[in-house]
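Trainee: I have the model open and a few things to ask. Can we go through it piece by piece?

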Amino acid sequence: MSSIKQVINDAVEKGKEVYEKVRQPNPIRLRDLIRQIRSAKTAAEERAVVNRECAYIRLTFREEDSVWRCRNVAKLLYIHMLGYPAHFGQMECLKLIASPRFTDKRIGYLGAMLLLDERQDVHLLITNSLKNDLNSSTQFVQGLALCTLGAIASPEMSRDLAGEVERLLKSSNAYIRKKAAVCALRIICRVPELMEMYLPATRSLLSEKNHGVLITGVTLITEMCRQSPDMLAHFKKIVPNLVRILKNLIMAGYSPEHDVQGVSDPFLQVKILKLLRILGCGDSEASETMNDILAQVATNTESSKNVGNAILYETVLSIMDIKSESGLRVLAINILGRFLLNADKNIRYVALNTLLRVVHADNSAVQRHRSTILECLKDADISIRRRAMELCFALINGNNIRTMMKELLTFLEKAEPEFKASCSSKCVLAAEKYSPNVRWHIDTLLKVVEAAGNHVPDDVVSSTIQLISETRTEQAYAVGELWRHLSIAQMEYQPMIQVATWCIGEFGDLLLSGHADVTVVESELIDIYQKILWSSQCSITTKEYALTSLMKLSARLTHEIGSIQQVVSAFGSHLNIELQQRGIEYSQLFTRHNHMRGPLLERMPPFEGTRAGTEQDKATITNGVDTPLDNESLLNDLTSPNNNAHETSESNALLDLLGGMEPGDSDTIKSTSTSISLTVASTPSVNADILDLLGGLDSGPAASVPTTNMNEAPPTQLPNSSNAAYLLDGLLNNSTPIISSPSSPVTNSAGTIPTSNSIYPLVLQKSSIPGITAYDKNGIRLDMAFELQETLITINLIASNNTGAQVTDFLFQAAVPKSIQLQMLNPSGTNMAPTASLTQLIKVNNPNKVPLRMRIKLSWLANGSPVQDQGEISNFPSALWQ
Amino acid sequence: MMHYLLIASKSGNIQFSHYFTYITPSSRTPIEARVITKCLGAEKDACHFLEDGDHTLIFRWFGPCLFIVAADHTENEIMIYEFLSLYVGALHRYFGKFSERHVLLNIDRLHMVLEEMVVGGELVESSIRNALTPIQVLDTVSSR
């Protein structure tokens, strides 16, 4: 018994001890706490100090200890700044604000400003305290309240206190007026309707002597003009007032109060210049009034001092924005020219920034500083180089493209990786727009691809290929150049190899026949290809390019076909499924279908449509493979990819079509049919033949579907290219067995095609992002496969029916977080027989790259009885937004 | 307008932060860490203006203290650069002498001086004397 007592006593003692430890007689001072925290050696130690102090502060808060409240809140503000939670101090701040002592009020308002946010309920409570203090008889209390209101006003607070602020705006005390003006600014930002109310009081702010009031007054007017055209019109008449104030500032002698490095209140000058810019923009009368003063500021301001440059900077912007005289504009651009030569990097940066802003207004004036700007490309400072690069692209025109491009290519070669992608894309655009001739254009694109190394974006690769494919006259030259690059290429730079292999594959005969300036022996060619194909540095995509290219070469070479066949068939057992499939399919062309090989591998028709930066190119190439490029361009002619519902029937139609043809029929038919099925190549004439062919088959069951789309489908429809690729895979899978029948070794060895109906597995494999099973309940299973193009995610949804019953009226609905856009295309159907499936494409644009979640709702009729379910998909692979 | 002002030490520790526009407390720490690293990473004689998403960062060293302001792209960068020296000048005048120790131990005062000069991210007072008068008056009233 006694032992139990003992234990209890011990525990009580211990508790007291702990309590005493926590409950010091006097709370430590803020600076002592800061010392303690600063002296903490580890993060854990710091956390311990903070937690102990927080526990103590909470305790005193609970005890309603009003003596030390002020000190404790101050400490809490420090703890808050370090990133620890401190919301429990909010109520204490309100108590401090309500206190009559100045010291308490000060810290209370400071705490309110730092700890509160607009979403807190405490705002209601603080509104009352603010109202009281705004009506206080002490200017400093009013000042504190205004300060806080200006920092945290919510729309509700703004409405409640707008009247008080308006009254204070007319106060006789300048200290109050300036703070009221800044409050009014916050209020009209929150609640624009209240603007009218402040209009009379705001005008009178400009007849002020006090600079604080002038600064806040001008800021307030600027904001009003920015928000409302009516206000802008109204304030046009104050231009003379502003001009006068500015003039007084420049003319005024030394005033110690507002002097900064010998310049009289540069802060106010800058604010006025900014407002003048808004008032004079597009208004010749107002511009006329301010022309003189701007000229005066531009000439009289001391440019050896930083503040002087700040004013000049603002003046230049104003001169360029308003309808100023031409002489003044020249003056402004010359100021920027001086800035460009300034030793101070800040000034140089500002100069480039400003030139970039005015280059559209006056290109020719900026052109005069071109050489200086080009020098900035070589600056050591990254901020300056970035601005200089942007400016250079804005300056390129038909006359200077050669010199500019030369400099930019030198820049591109040495630039940081972060510049390379955007710089090379812009080079391509500029070359596209201004190139003097095709030879130069090709040279430039090749140099861009070379200089940017592996940072070349896909659209540049495709643009280059397209350009070469289009220009018949330069193909021999281009292929010669590319061979030169390829023969000395380091295997680590993929884009150049991709361009080179594509072109050599297409135009290899020109290379060998000596049309190009180089002489190449076939075996050299094969050696390089071997090197690429077996290099561990080359990506799969590059190897896909190379393999197809090599295959094409088999129709262009005469001696080395045997070794090509060897290489190609070796890929039949490659670990990568795509390469393996190509290997197998291509080997078939050497054996069973050798007679088709020639026509099949003929040259591609030149690409049509615009090159640079078009969606189409991007979409095509980001698939990362070469064959899809061929396929899709073919499909472009064949189908309108939009019509999802027709997909299956379309490919079936083609299937029928192909199935109905014997290889021996006639030459044209043979080559067309195989070019559809293997989708390796077709010539323009063949293309037309397809047309004829299909036209002739009009009477056939479904053949009219592709025909109708053949001519009309414009290339721009390709944003849906994933759809096209999808269809293409359907084509591939469905048609392969026909070629290889009766033994159909291809299907067996590919091994990945479970049923002839399923047209999706290849899409699944192609994207590197793993698919997910989004839903598997009630006998319905939803599988999703993903394709990612920058922020655009294409989801291939496959719903399969394992219910054992007939499912009809199947409806899939989805919702995503607000920042994501969702587009659902038509499903392939709404009914599913047992074990059948349907597909639907979902496009998701996730510009902010937030984690993707999806709320889904499903409904269907199973044998006529309705079933409904909903759920959330949160297991999307994070690769989709990272 | 300005969005926030930070003071960091050479080693990258945050010493002072004042937010003019509301940013949730949980996202402040990562922003501070990123911004400070970015500014510390700039070379000695590099440009003091850096782009940071929607903001331009303007930073300036005063002794061992790194002052950083994040402002809208439309703000006059040089003016904010000069504002930092105005602020430091005000602190200098207020404390009599200004050193890193003052930043460390008088965080509340730093806030108060700043509030007299900037409210809601907009400059309200360009005269150091006018900015300090109310603070000094309140100081004498409180100490009584």
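Trainee: At what angle do the axes of helix α7 and helix α8 of chain A cross?

Mentor: Roughly 145 degrees, and the axes of α7(A) (residues 122-134) and α8(A) (residues 139-152) come within 8 Å. Axes here are lines fitted to C-alpha atoms, for helices over the stretch in contact, with angles from 0 to 180 degrees between N-to-C directions. Helices are DSSP runs of H or I with at least four residues, strands are E runs of at least two, and both are numbered from the N terminus.

Trainee: Before going on, what sort of model is this?

Mentor: It is a predicted model: local features need pLDDT of at least 70, side-chain atom pairs count only at pLDDT 80 or more, and totals for chains, interfaces and linings use all residues. Residues are numbered from 1 along each chain as its sequence is written, chains are lettered from A and ligands numbered from 1 in the order in which they are written, and side-chain values use heavy atoms, with hydrogens and water left out.

Trainee: Back to the pair. Which residues of α7(A) make the contact?

Mentor: His123(A), Ile126(A), Leu130(A), Asp133(A) and Leu134(A), where contact means heavy atoms within 4.5 Å. From α8(A), the partners include Val141(A), Ala145(A) and Leu149(A).

Trainee: And how many of the contact residues are nonpolar?

Mentor: Eight are nonpolar, three polar and one charged. Ala, Val, Leu, Ile, Met, Phe, Trp, Tyr, Cys and Pro count as nonpolar, Asp, Glu, Lys and Arg as charged, and the others, Gly among them, as polar.

Trainee: New topic. Where is the kink in α28(A) centred?

Mentor: On Glu506(A), with a kink of about 70 degrees in a helix that spans residues 494-512. The bend at a residue is the angle between axes fitted to the seven residues ending there and the seven starting there.

Trainee: How many residues of α28(A) are buried?

Mentor: 17 of its 19. Buried means under 20% relative accessible area, exposed over 50%, partly exposed in between (1.4 Å probe, protein chains only). Just after α28(A), Gly514(A) has a positive phi of about 85 degrees.

Trainee: Which residue has a positive phi although it is not a glycine?

Mentor: Asp809(A) is one, at about 50 degrees. Asp809(A) lies in strand β6 of chain A and is partly exposed at 47% relative accessibility.

Trainee: And Ala805(A), buried or exposed?

Mentor: Buried, at 11% relative accessible area. Ala805(A) sits in the loop between β5 and β6 of chain A, and its contacts beyond four places in sequence are Met832(A), Ala833(A), Pro834(A) and Asn863(A).
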